[in-house]
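Let's go through how the packing terms get used here. Have a look at the model first.

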Amino acid sequence: MQTVYDLVRLAAARRPDHLAIADDRTDRRLTYGQLIGEIDALAAGFAALGIGPGKIVATVLPNLFEHALVLLALHRLGAVPAMINARLKPEEAAGLVQQGGMAATVSLPDEAMVRALGGVLPKGAPLVTVGKGPSGTKPLDECRGKPESVAPWKAPDPESLAFVLYTSGTTGLPKGVMIPHRATDARVLYMSMQCGVVHGTHNKVLGLMPLFHAVGFFSGLMGALAFDGTYHLCSAFDPVRAVEAIEREGITLLYGSPTHLHGILAAPNFSDARMKSVQTVIYAGAAMPGPLLDRVANAFPGRAITNIYGTTEIMNGLYMPNPQGRPHQYRPGYYSNVRVGRIGGTVHDVAEIGEEGELLIDSTADATFLGYLNRPDATAEKMQDGWYRTGDIAMRREDGDLEVRGRVDDMIITGAENVHPYEVETTIAKHPGIAEVVVLGVPDERWGEIVVACVKAGAAKPSEDELDLFCRESTLANYKRPRAYLFFDEIPRNAANKVLRRVLRENAHAALGKRNA
Ligand code: AMP
(Lines give C-alpha, C1' and ligand atoms only; values in the text may rest on other atoms or scores of the structure.)
Protein backbone atom coordinates (compact mmCIF):
# COMPACT_ATOMS: atom_id res chain seq x y z
CA MET A 1 0.00 0.00 0.00
CA GLN A 2 1.18 3.52 -0.80
CA THR A 3 -0.28 6.48 0.98
CA VAL A 4 -0.62 9.93 -0.52
CA TYR A 5 2.52 11.01 1.31
CA ASP A 6 4.41 7.92 0.07
CA LEU A 7 3.56 8.85 -3.49
CA VAL A 8 4.88 12.40 -3.03
CA ARG A 9 7.94 11.41 -1.02
CA LEU A 10 8.96 8.73 -3.53
CA ALA A 11 8.58 11.13 -6.46
CA ALA A 12 10.71 13.65 -4.51
CA ALA A 13 13.40 11.02 -3.95
CA ARG A 14 13.43 10.23 -7.68
CA ARG A 15 13.17 13.76 -9.02
CA PRO A 16 14.05 16.33 -6.33
CA ASP A 17 14.67 19.13 -8.84
CA HIS A 18 11.69 18.57 -11.09
CA LEU A 19 8.83 21.08 -10.96
CA ALA A 20 6.05 19.59 -8.82
CA ILE A 21 3.47 22.35 -8.54
CA ALA A 22 2.90 25.74 -10.15
CA ASP A 23 0.44 28.46 -9.17
CA ASP A 24 -1.59 30.35 -11.76
CA ARG A 25 -2.15 33.54 -9.72
CA THR A 26 1.41 34.15 -8.54
CA ASP A 27 4.82 33.05 -9.74
CA ARG A 28 5.09 30.45 -7.00
CA ARG A 29 6.55 27.19 -8.26
CA LEU A 30 7.95 24.39 -6.13
CA THR A 31 10.23 21.56 -7.12
CA TYR A 32 9.60 18.21 -5.47
CA GLY A 33 12.46 18.86 -3.04
CA GLN A 34 10.98 22.25 -2.10
CA LEU A 35 7.50 20.77 -1.86
CA ILE A 36 8.62 18.22 0.72
CA GLY A 37 10.32 21.04 2.66
CA GLU A 38 7.13 23.14 2.59
CA ILE A 39 4.96 20.20 3.66
CA ASP A 40 7.24 19.49 6.61
CA ALA A 41 7.50 23.16 7.65
CA LEU A 42 3.72 23.53 7.65
CA ALA A 43 3.25 20.18 9.37
CA ALA A 44 5.61 21.36 12.12
CA GLY A 45 3.57 24.58 12.45
CA PHE A 46 0.32 22.62 12.71
CA ALA A 47 1.86 20.27 15.28
CA ALA A 48 2.81 23.32 17.40
CA LEU A 49 -0.90 24.28 17.41
CA GLY A 50 -1.75 20.88 18.87
CA ILE A 51 -2.95 19.31 15.63
CA GLY A 52 -1.88 15.69 15.60
CA PRO A 53 -2.56 12.19 14.35
CA GLY A 54 -6.21 11.19 14.00
CA LYS A 55 -7.58 14.73 14.41
CA ILE A 56 -10.06 15.75 11.75
CA VAL A 57 -9.31 19.24 10.44
CA ALA A 58 -11.72 21.04 8.13
CA THR A 59 -10.27 22.85 5.16
CA VAL A 60 -12.78 25.34 3.78
CA LEU A 61 -10.72 26.73 0.93
CA PRO A 62 -11.04 27.53 -2.74
CA ASN A 63 -8.42 26.28 -5.21
CA LEU A 64 -5.44 28.10 -3.79
CA PHE A 65 -1.81 27.08 -3.91
CA GLU A 66 -1.90 27.02 -0.10
CA HIS A 67 -4.86 24.64 -0.20
CA ALA A 68 -2.76 21.94 -1.86
CA LEU A 69 0.05 22.46 0.66
CA VAL A 70 -2.29 22.45 3.66
CA LEU A 71 -3.90 19.16 2.59
CA LEU A 72 -0.53 17.47 2.17
CA ALA A 73 0.85 18.91 5.43
CA LEU A 74 -2.13 17.80 7.54
CA HIS A 75 -1.92 14.35 5.99
CA ARG A 76 1.84 14.25 6.67
CA LEU A 77 1.09 14.74 10.38
CA GLY A 78 -1.40 11.90 10.42
CA ALA A 79 -4.29 14.35 10.79
CA VAL A 80 -7.32 13.92 8.54
CA PRO A 81 -8.21 16.79 6.19
CA ALA A 82 -11.98 17.15 5.75
CA MET A 83 -12.37 19.09 2.54
CA ILE A 84 -15.41 21.31 2.71
CA ASN A 85 -16.58 23.27 -0.32
CA ALA A 86 -15.68 26.92 0.33
CA ARG A 87 -18.77 28.01 -1.61
CA LEU A 88 -21.06 26.70 1.14
CA LYS A 89 -22.63 29.35 3.34
CA PRO A 90 -20.79 29.90 6.65
CA GLU A 91 -23.63 28.23 8.62
CA GLU A 92 -23.58 25.20 6.31
CA ALA A 93 -19.80 24.80 6.56
CA ALA A 94 -20.01 25.22 10.34
CA GLY A 95 -22.79 22.62 10.45
CA LEU A 96 -20.47 20.10 8.79
CA VAL A 97 -17.61 20.97 11.15
CA GLN A 98 -19.88 20.39 14.12
CA GLN A 99 -21.39 17.22 12.69
CA GLY A 100 -17.89 15.85 12.05
CA GLY A 101 -16.60 16.68 15.54
CA MET A 102 -13.61 18.46 14.01
CA ALA A 103 -10.58 19.71 15.92
CA ALA A 104 -9.51 22.74 13.87
CA THR A 105 -10.27 24.60 10.67
CA VAL A 106 -8.28 26.22 7.88
CA SER A 107 -10.30 28.78 5.93
CA LEU A 108 -10.15 32.15 4.24
CA PRO A 109 -10.01 35.10 6.67
CA ASP A 110 -13.62 35.99 5.85
CA GLU A 111 -15.20 37.39 9.04
CA ALA A 112 -18.59 35.62 8.75
CA MET A 113 -16.98 32.27 7.93
CA VAL A 114 -14.44 32.46 10.74
CA ARG A 115 -17.12 33.48 13.24
CA ALA A 116 -19.35 30.58 12.21
CA LEU A 117 -16.53 28.04 12.35
CA GLY A 118 -15.24 29.38 15.67
CA GLY A 119 -18.74 29.06 17.08
CA VAL A 120 -18.80 25.29 16.66
CA LEU A 121 -15.17 24.33 17.33
CA PRO A 122 -14.12 23.30 20.86
CA LYS A 123 -12.94 26.27 22.91
CA GLY A 124 -9.39 27.32 22.01
CA ALA A 125 -9.24 25.08 18.92
CA PRO A 126 -7.03 26.46 16.12
CA LEU A 127 -8.74 28.65 13.53
CA VAL A 128 -6.11 29.01 10.84
CA THR A 129 -6.66 31.47 8.01
CA VAL A 130 -4.98 31.84 4.63
CA GLY A 131 -4.31 35.57 4.91
CA LYS A 132 -4.70 37.76 7.97
CA GLY A 133 -7.98 37.13 9.77
CA PRO A 134 -9.89 38.66 12.70
CA SER A 135 -8.57 38.32 16.25
CA GLY A 136 -8.46 34.77 17.54
CA THR A 137 -7.27 33.40 14.20
CA LYS A 138 -3.80 32.25 13.22
CA PRO A 139 -2.50 33.25 9.77
CA LEU A 140 -1.08 30.31 7.84
CA ASP A 141 2.13 32.29 7.17
CA GLU A 142 2.88 32.21 10.90
CA CYS A 143 2.11 28.55 11.11
CA ARG A 144 5.49 27.13 10.25
CA GLY A 145 8.05 25.18 12.21
CA LYS A 146 11.33 23.38 11.79
CA PRO A 147 10.86 20.68 9.13
CA GLU A 148 13.26 18.34 10.97
CA SER A 149 11.04 18.48 14.07
CA VAL A 150 8.30 16.48 12.37
CA ALA A 151 8.29 12.81 13.37
CA PRO A 152 9.48 10.43 10.64
CA TRP A 153 6.70 9.07 8.42
CA LYS A 154 5.20 5.87 9.78
CA ALA A 155 3.06 3.60 7.62
CA PRO A 156 -0.54 3.94 8.89
CA ASP A 157 -3.06 1.17 9.32
CA PRO A 158 -4.49 0.68 5.80
CA GLU A 159 -8.05 0.76 7.19
CA SER A 160 -7.56 3.99 9.12
CA LEU A 161 -9.15 7.24 8.04
CA ALA A 162 -7.02 9.37 5.66
CA PHE A 163 -9.38 11.98 4.18
CA VAL A 164 -12.96 13.13 4.41
CA LEU A 165 -14.47 14.26 1.12
CA TYR A 166 -18.04 15.45 0.75
CA THR A 167 -20.81 14.29 -1.52
CA SER A 168 -21.79 17.11 -3.79
CA GLY A 169 -25.08 17.56 -1.99
CA THR A 170 -27.17 18.23 -5.10
CA THR A 171 -30.10 16.65 -3.27
CA GLY A 172 -29.51 17.56 0.37
CA LEU A 173 -26.78 18.43 2.86
CA PRO A 174 -23.40 17.00 1.86
CA LYS A 175 -22.32 13.83 3.69
CA GLY A 176 -18.73 13.27 4.81
CA VAL A 177 -17.26 10.38 2.82
CA MET A 178 -14.54 8.67 4.86
CA ILE A 179 -11.63 7.56 2.68
CA PRO A 180 -9.14 5.10 4.19
CA HIS A 181 -5.40 4.99 3.40
CA ARG A 182 -5.76 1.74 1.46
CA ALA A 183 -7.93 3.50 -1.12
CA THR A 184 -5.14 5.76 -2.43
CA ASP A 185 -3.42 3.43 -4.90
CA ALA A 186 -6.61 2.48 -6.71
CA ARG A 187 -7.89 6.09 -6.68
CA VAL A 188 -4.73 7.30 -8.42
CA LEU A 189 -3.44 4.41 -10.52
CA TYR A 190 -6.59 3.80 -12.56
CA MET A 191 -5.38 6.74 -14.64
CA SER A 192 -2.60 4.50 -15.85
CA MET A 193 -4.61 1.27 -16.11
CA GLN A 194 -7.58 2.81 -17.87
CA CYS A 195 -6.72 6.19 -19.31
CA GLY A 196 -3.27 5.67 -20.80
CA VAL A 197 -1.28 7.96 -18.48
CA VAL A 198 2.33 6.81 -18.42
CA HIS A 199 4.71 7.52 -15.55
CA GLY A 200 7.29 10.26 -16.23
CA THR A 201 8.31 13.89 -15.90
CA HIS A 202 6.64 14.75 -19.20
CA ASN A 203 3.24 14.75 -17.40
CA LYS A 204 1.73 18.22 -17.00
CA VAL A 205 -1.71 18.26 -15.49
CA LEU A 206 -4.09 21.20 -15.60
CA GLY A 207 -5.99 21.27 -12.29
CA LEU A 208 -9.47 21.93 -13.67
CA MET A 209 -11.40 20.13 -10.93
CA PRO A 210 -11.51 21.67 -7.43
CA LEU A 211 -9.07 20.21 -4.92
CA PHE A 212 -11.87 19.31 -2.51
CA HIS A 213 -13.41 16.97 -5.09
CA ALA A 214 -12.27 13.33 -5.37
CA VAL A 215 -11.15 13.89 -8.96
CA GLY A 216 -9.46 17.22 -8.20
CA PHE A 217 -7.44 15.72 -5.36
CA PHE A 218 -6.72 12.10 -6.31
CA SER A 219 -6.61 12.47 -10.10
CA GLY A 220 -5.58 16.10 -10.55
CA LEU A 221 -3.06 16.84 -7.79
CA MET A 222 -2.04 13.23 -7.08
CA GLY A 223 -2.36 12.26 -10.74
CA ALA A 224 0.48 14.70 -11.34
CA LEU A 225 2.58 14.06 -8.24
CA ALA A 226 2.41 10.24 -8.20
CA PHE A 227 3.57 10.18 -11.81
CA ASP A 228 6.60 12.52 -11.36
CA GLY A 229 4.63 15.16 -13.24
CA THR A 230 3.74 18.82 -12.66
CA TYR A 231 0.43 20.05 -11.27
CA HIS A 232 -0.65 23.37 -12.76
CA LEU A 233 -3.12 24.78 -10.31
CA CYS A 234 -6.22 26.54 -11.71
CA SER A 235 -7.48 28.91 -9.03
CA ALA A 236 -10.74 29.45 -10.94
CA PHE A 237 -12.03 28.08 -14.19
CA ASP A 238 -11.72 30.67 -16.91
CA PRO A 239 -11.85 29.06 -20.39
CA VAL A 240 -9.69 31.74 -22.03
CA ARG A 241 -6.99 31.42 -19.37
CA ALA A 242 -7.25 27.62 -19.53
CA VAL A 243 -6.54 27.68 -23.29
CA GLU A 244 -3.57 30.02 -22.68
CA ALA A 245 -2.23 27.80 -19.90
CA ILE A 246 -2.53 24.65 -22.02
CA GLU A 247 -0.44 26.21 -24.78
CA ARG A 248 2.05 28.07 -22.55
CA GLU A 249 2.74 25.21 -20.13
CA GLY A 250 2.52 22.39 -22.66
CA ILE A 251 -0.24 20.62 -20.71
CA THR A 252 -0.39 16.89 -21.47
CA LEU A 253 -3.43 15.86 -19.40
CA LEU A 254 -6.83 17.50 -19.38
CA TYR A 255 -9.17 15.99 -16.81
CA GLY A 256 -12.41 17.84 -16.23
CA SER A 257 -16.17 17.67 -16.36
CA PRO A 258 -18.02 17.84 -19.68
CA THR A 259 -18.73 21.48 -18.80
CA HIS A 260 -15.02 22.27 -18.56
CA LEU A 261 -14.40 20.75 -21.98
CA HIS A 262 -17.39 22.57 -23.40
CA GLY A 263 -15.99 25.83 -22.02
CA ILE A 264 -12.51 25.24 -23.43
CA LEU A 265 -13.81 24.34 -26.89
CA ALA A 266 -16.11 27.38 -26.93
CA ALA A 267 -13.41 29.83 -25.74
CA PRO A 268 -12.78 32.61 -28.28
CA ASN A 269 -9.03 31.90 -28.25
CA PHE A 270 -9.42 28.12 -28.73
CA SER A 271 -7.73 26.49 -31.68
CA ASP A 272 -6.69 22.91 -32.34
CA ALA A 273 -3.12 24.12 -32.78
CA ARG A 274 -3.03 25.46 -29.21
CA MET A 275 -3.95 21.98 -27.92
CA LYS A 276 -0.95 20.30 -29.56
CA SER A 277 0.70 19.23 -26.31
CA VAL A 278 -2.39 17.44 -24.93
CA GLN A 279 -1.99 13.67 -24.99
CA THR A 280 -4.83 12.54 -22.78
CA VAL A 281 -8.36 13.85 -22.25
CA ILE A 282 -10.44 12.42 -19.41
CA TYR A 283 -13.87 13.53 -18.32
CA ALA A 284 -16.04 12.50 -15.41
CA GLY A 285 -18.94 13.63 -13.29
CA ALA A 286 -21.66 13.43 -15.93
CA ALA A 287 -22.26 11.86 -19.31
CA MET A 288 -21.13 14.03 -22.20
CA PRO A 289 -23.80 14.82 -24.78
CA GLY A 290 -23.03 13.12 -28.13
CA PRO A 291 -22.58 16.35 -30.16
CA LEU A 292 -20.08 17.72 -27.64
CA LEU A 293 -18.25 14.40 -27.59
CA ASP A 294 -17.92 14.59 -31.40
CA ARG A 295 -16.45 18.07 -31.10
CA VAL A 296 -14.01 16.93 -28.41
CA ALA A 297 -12.95 13.95 -30.54
CA ASN A 298 -12.43 16.24 -33.57
CA ALA A 299 -10.45 18.76 -31.53
CA PHE A 300 -8.15 16.06 -30.10
CA PRO A 301 -7.67 13.57 -32.95
CA GLY A 302 -5.50 10.56 -32.15
CA ARG A 303 -5.40 11.39 -28.43
CA ALA A 304 -6.58 9.02 -25.66
CA ILE A 305 -10.08 10.11 -24.60
CA THR A 306 -11.71 8.34 -21.67
CA ASN A 307 -15.07 8.71 -19.97
CA ILE A 308 -14.85 7.87 -16.26
CA TYR A 309 -17.98 7.12 -14.27
CA GLY A 310 -17.35 7.53 -10.58
CA THR A 311 -18.68 8.69 -7.28
CA THR A 312 -16.94 10.22 -4.29
CA GLU A 313 -17.64 7.00 -2.38
CA ILE A 314 -16.14 4.44 -4.77
CA MET A 315 -14.04 6.62 -7.09
CA ASN A 316 -14.15 5.08 -10.56
CA GLY A 317 -16.54 2.20 -11.05
CA LEU A 318 -16.89 2.26 -14.82
CA TYR A 319 -15.01 3.71 -17.75
CA MET A 320 -15.08 3.87 -21.50
CA PRO A 321 -12.05 4.42 -23.70
CA ASN A 322 -12.81 6.18 -27.01
CA PRO A 323 -16.40 6.98 -26.01
CA GLN A 324 -17.25 8.74 -29.30
CA GLY A 325 -20.48 7.30 -30.69
CA ARG A 326 -21.35 5.64 -27.37
CA PRO A 327 -21.69 8.41 -24.80
CA HIS A 328 -23.73 6.32 -22.33
CA GLN A 329 -21.84 3.05 -22.64
CA TYR A 330 -19.38 1.94 -19.97
CA ARG A 331 -17.39 -1.05 -18.80
CA PRO A 332 -16.25 -2.07 -15.34
CA GLY A 333 -13.00 -0.42 -14.34
CA TYR A 334 -9.83 -2.36 -13.63
CA TYR A 335 -10.34 -1.99 -9.89
CA SER A 336 -14.05 -2.74 -9.68
CA ASN A 337 -16.70 -5.38 -9.94
CA VAL A 338 -20.24 -4.27 -10.66
CA ARG A 339 -23.75 -5.64 -10.97
CA VAL A 340 -27.17 -4.31 -11.86
CA GLY A 341 -29.73 -4.90 -9.10
CA ARG A 342 -33.47 -4.88 -9.52
CA ILE A 343 -34.97 -1.58 -8.35
CA GLY A 344 -36.56 -2.09 -4.95
CA GLY A 345 -34.89 -5.52 -4.55
CA THR A 346 -31.98 -6.60 -2.36
CA VAL A 347 -28.43 -6.23 -3.65
CA HIS A 348 -28.51 -9.94 -4.55
CA ASP A 349 -31.59 -9.58 -6.72
CA VAL A 350 -29.72 -9.21 -10.00
CA ALA A 351 -31.43 -7.86 -13.13
CA GLU A 352 -31.33 -9.72 -16.44
CA ILE A 353 -29.29 -8.57 -19.41
CA GLY A 354 -31.30 -5.80 -21.06
CA GLU A 355 -33.27 -5.05 -17.90
CA GLU A 356 -32.86 -1.68 -16.20
CA GLY A 357 -31.91 -1.62 -12.56
CA GLU A 358 -29.69 0.13 -10.06
CA LEU A 359 -25.96 0.08 -10.60
CA LEU A 360 -24.26 -1.67 -7.66
CA ILE A 361 -20.52 -1.60 -7.07
CA ASP A 362 -18.47 -4.07 -5.05
CA SER A 363 -17.78 -2.21 -1.84
CA THR A 364 -15.00 -4.59 -0.79
CA ALA A 365 -12.76 -3.02 -3.46
CA ASP A 366 -9.77 -1.05 -2.15
CA ALA A 367 -10.95 2.29 -3.55
CA THR A 368 -14.17 2.16 -1.53
CA PHE A 369 -14.97 4.51 1.32
CA LEU A 370 -15.42 3.38 4.93
CA GLY A 371 -18.85 4.94 5.39
CA TYR A 372 -20.28 8.40 6.02
CA LEU A 373 -18.83 10.41 8.90
CA ASN A 374 -21.10 10.04 11.94
CA ARG A 375 -23.97 8.92 9.71
CA PRO A 376 -24.41 5.15 10.27
CA ASP A 377 -27.99 5.47 8.98
CA ALA A 378 -26.83 6.81 5.61
CA THR A 379 -24.02 4.25 5.44
CA ALA A 380 -26.45 1.37 6.03
CA GLU A 381 -28.68 2.70 3.26
CA LYS A 382 -25.89 2.81 0.69
CA MET A 383 -23.59 -0.09 1.69
CA GLN A 384 -25.32 -3.43 1.89
CA ASP A 385 -23.76 -6.86 2.11
CA GLY A 386 -20.59 -5.92 0.24
CA TRP A 387 -22.30 -3.73 -2.38
CA TYR A 388 -22.52 0.02 -2.76
CA ARG A 389 -25.83 1.32 -4.09
CA THR A 390 -25.02 4.09 -6.55
CA GLY A 391 -28.59 5.35 -7.06
CA ASP A 392 -27.88 5.37 -10.81
CA ILE A 393 -29.94 3.48 -13.36
CA ALA A 394 -27.97 1.03 -15.49
CA MET A 395 -28.57 -1.80 -17.93
CA ARG A 396 -26.20 -4.59 -18.84
CA ARG A 397 -25.80 -5.12 -22.55
CA GLU A 398 -25.26 -8.40 -24.41
CA ASP A 399 -21.60 -7.52 -25.03
CA GLY A 400 -20.90 -7.16 -21.29
CA ASP A 401 -20.79 -3.35 -21.30
CA LEU A 402 -23.34 -1.32 -19.37
CA GLU A 403 -25.44 1.69 -20.19
CA VAL A 404 -25.87 4.30 -17.48
CA ARG A 405 -29.08 6.25 -17.71
CA GLY A 406 -29.05 8.84 -14.96
CA ARG A 407 -30.19 8.92 -11.36
CA VAL A 408 -33.04 6.77 -10.08
CA ASP A 409 -34.37 9.94 -8.39
CA ASP A 410 -34.32 11.95 -11.63
CA MET A 411 -36.60 9.54 -13.48
CA ILE A 412 -39.78 11.33 -14.58
CA ILE A 413 -43.09 9.54 -14.18
CA THR A 414 -45.67 11.11 -16.45
CA GLY A 415 -49.06 9.48 -16.89
CA ALA A 416 -47.58 6.28 -15.33
CA GLU A 417 -44.86 6.12 -18.00
CA ASN A 418 -41.18 6.33 -17.08
CA VAL A 419 -39.09 8.87 -18.92
CA HIS A 420 -35.32 9.12 -18.54
CA PRO A 421 -34.12 12.72 -18.78
CA TYR A 422 -30.94 11.53 -20.49
CA GLU A 423 -32.80 10.14 -23.49
CA VAL A 424 -34.71 13.37 -24.07
CA GLU A 425 -31.61 15.48 -23.39
CA THR A 426 -29.60 13.46 -25.92
CA THR A 427 -32.23 14.11 -28.58
CA ILE A 428 -32.60 17.84 -27.95
CA ALA A 429 -28.83 18.39 -27.64
CA LYS A 430 -28.53 17.45 -31.31
CA HIS A 431 -30.35 20.67 -32.29
CA PRO A 432 -27.69 23.16 -33.46
CA GLY A 433 -29.29 26.07 -31.55
CA ILE A 434 -28.81 24.40 -28.16
CA ALA A 435 -25.82 25.08 -25.91
CA GLU A 436 -27.11 23.09 -22.91
CA VAL A 437 -30.28 21.24 -22.05
CA VAL A 438 -31.53 19.66 -18.83
CA VAL A 439 -34.79 17.75 -18.81
CA LEU A 440 -36.76 17.27 -15.64
CA GLY A 441 -40.19 16.49 -14.28
CA VAL A 442 -42.37 19.28 -12.90
CA PRO A 443 -45.42 18.36 -10.77
CA ASP A 444 -48.68 18.40 -12.70
CA GLU A 445 -52.20 17.73 -11.46
CA ARG A 446 -53.25 15.68 -14.43
CA TRP A 447 -50.09 13.74 -15.35
CA GLY A 448 -48.35 13.52 -11.99
CA GLU A 449 -45.34 15.10 -13.64
CA ILE A 450 -44.78 16.69 -17.02
CA VAL A 451 -41.56 16.60 -19.00
CA VAL A 452 -39.97 20.04 -19.16
CA ALA A 453 -36.81 21.00 -21.04
CA CYS A 454 -34.66 23.74 -19.52
CA VAL A 455 -32.57 25.14 -22.29
CA LYS A 456 -29.59 27.42 -22.61
CA ALA A 457 -29.63 28.56 -26.22
CA GLY A 458 -26.54 28.87 -28.41
CA ALA A 459 -25.84 31.75 -30.81
CA ALA A 460 -29.12 31.34 -32.75
CA LYS A 461 -31.97 30.83 -30.28
CA PRO A 462 -34.55 28.34 -31.57
CA SER A 463 -38.26 28.83 -30.87
CA GLU A 464 -40.31 26.47 -28.72
CA ASP A 465 -42.22 25.31 -31.80
CA GLU A 466 -39.02 24.59 -33.64
CA LEU A 467 -37.74 22.43 -30.79
CA ASP A 468 -41.06 20.64 -30.52
CA LEU A 469 -41.00 19.86 -34.23
CA PHE A 470 -37.41 18.67 -33.89
CA CYS A 471 -38.52 16.17 -31.21
CA ARG A 472 -41.59 15.06 -33.20
CA GLU A 473 -39.35 14.28 -36.14
CA SER A 474 -36.87 12.36 -33.96
CA THR A 475 -37.13 8.77 -32.74
CA LEU A 476 -38.34 9.98 -29.33
CA ALA A 477 -41.68 8.44 -28.31
CA ASN A 478 -44.50 10.94 -28.18
CA TYR A 479 -45.07 10.73 -24.41
CA LYS A 480 -41.40 11.60 -23.82
CA ARG A 481 -41.61 14.90 -25.71
CA PRO A 482 -41.23 17.94 -23.45
CA ARG A 483 -44.54 19.73 -22.84
CA ALA A 484 -42.69 22.99 -22.23
CA TYR A 485 -39.35 24.54 -23.12
CA LEU A 486 -37.97 27.10 -20.71
CA PHE A 487 -35.02 29.26 -21.69
CA PHE A 488 -32.43 30.15 -19.07
CA ASP A 489 -29.30 32.30 -19.37
CA GLU A 490 -27.42 29.88 -17.14
CA ILE A 491 -28.00 26.33 -15.94
CA PRO A 492 -27.28 26.32 -12.17
CA ARG A 493 -24.36 24.08 -11.23
CA ASN A 494 -22.42 23.30 -8.07
CA ALA A 495 -18.67 23.77 -7.69
CA ALA A 496 -18.03 20.35 -9.23
CA ASN A 497 -20.06 21.44 -12.24
CA LYS A 498 -22.99 19.17 -11.56
CA VAL A 499 -26.40 20.48 -12.52
CA LEU A 500 -28.36 21.57 -9.46
CA ARG A 501 -31.56 19.84 -10.57
CA ARG A 502 -33.39 20.74 -7.40
CA VAL A 503 -32.76 24.47 -7.95
CA LEU A 504 -33.60 24.16 -11.63
CA ARG A 505 -36.82 22.28 -10.85
CA GLU A 506 -37.89 25.08 -8.49
CA ASN A 507 -37.03 27.71 -11.12
CA ALA A 508 -38.91 25.76 -13.78
CA HIS A 509 -41.91 25.34 -11.52
CA ALA A 510 -41.99 29.07 -10.81
CA ALA A 511 -41.56 29.98 -14.51
CA LEU A 512 -44.39 27.63 -15.54
CA GLY A 513 -46.62 29.02 -12.77
CA LYS A 514 -46.06 32.55 -14.11
CA ARG A 515 -46.70 31.43 -17.66
CA ASN A 516 -50.00 29.77 -16.72
CA ALA A 517 -51.17 32.59 -14.42
P1 AMP B 1 -20.07 12.73 -7.13
O2 AMP B 1 -19.93 11.74 -6.05
O3 AMP B 1 -20.46 14.07 -6.67
O4 AMP B 1 -18.86 12.80 -8.02
O5 AMP B 1 -21.31 12.26 -8.07
C6 AMP B 1 -21.41 10.96 -8.57
C7 AMP B 1 -22.54 10.85 -9.54
O8 AMP B 1 -22.24 11.59 -10.74
C9 AMP B 1 -22.78 9.44 -10.04
O10 AMP B 1 -23.59 8.70 -9.14
C11 AMP B 1 -23.45 9.68 -11.38
O12 AMP B 1 -24.83 9.98 -11.21
C13 AMP B 1 -22.77 10.91 -11.89
N14 AMP B 1 -21.63 10.59 -12.79
C15 AMP B 1 -20.33 10.63 -12.48
N16 AMP B 1 -19.58 10.35 -13.55
C17 AMP B 1 -20.42 10.09 -14.58
C18 AMP B 1 -20.23 9.73 -15.95
N19 AMP B 1 -19.03 9.61 -16.50
N20 AMP B 1 -21.35 9.51 -16.68
C21 AMP B 1 -22.58 9.66 -16.15
N22 AMP B 1 -22.81 10.02 -14.88
C23 AMP B 1 -21.74 10.23 -14.09
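Buried means under 20% relative accessible area, exposed over 50%, and partly exposed in between (1.4 Å probe, protein chains only). This is a predicted model, where local features need pLDDT of at least 70, side-chain atom pairs count only at pLDDT 80 or more, and totals for chains, interfaces and linings use all residues. Residues are numbered from 1 along each chain as its sequence is written, and side-chain values use heavy atoms, with hydrogens and water left out.

Q: Which residues of helix α9 are called buried?
A: In α9 (residues 258-266), P258, H260, L261, G263, I264 and L265 come in under the 20% cut-off, so they count as buried. They pack against α8 (239-249), β12 (253-256), β13 (280-284) and α10 (290-299), where contact means heavy atoms within 4.5 Å.

Q: What makes the contact of α1 with α3?
A: V4, Y5 and V8 come from α1, while L72, H75 and R76 come from α3.

Q: How many residues does the largest nonpolar core have?
A: It has 92, and L35, F46, L221 and M222 have the most contacts inside it. Such a core is a set of buried Ala, Val, Leu, Ile, Met, Phe, Trp, Tyr and Cys residues joined through side-chain atoms within 4.5 Å. Helix α3 gives the most, with nine residues.

Key: Helix = DSSP H or I, 4+ residues; strand = E, 2+ residues; numbered from the N terminus.
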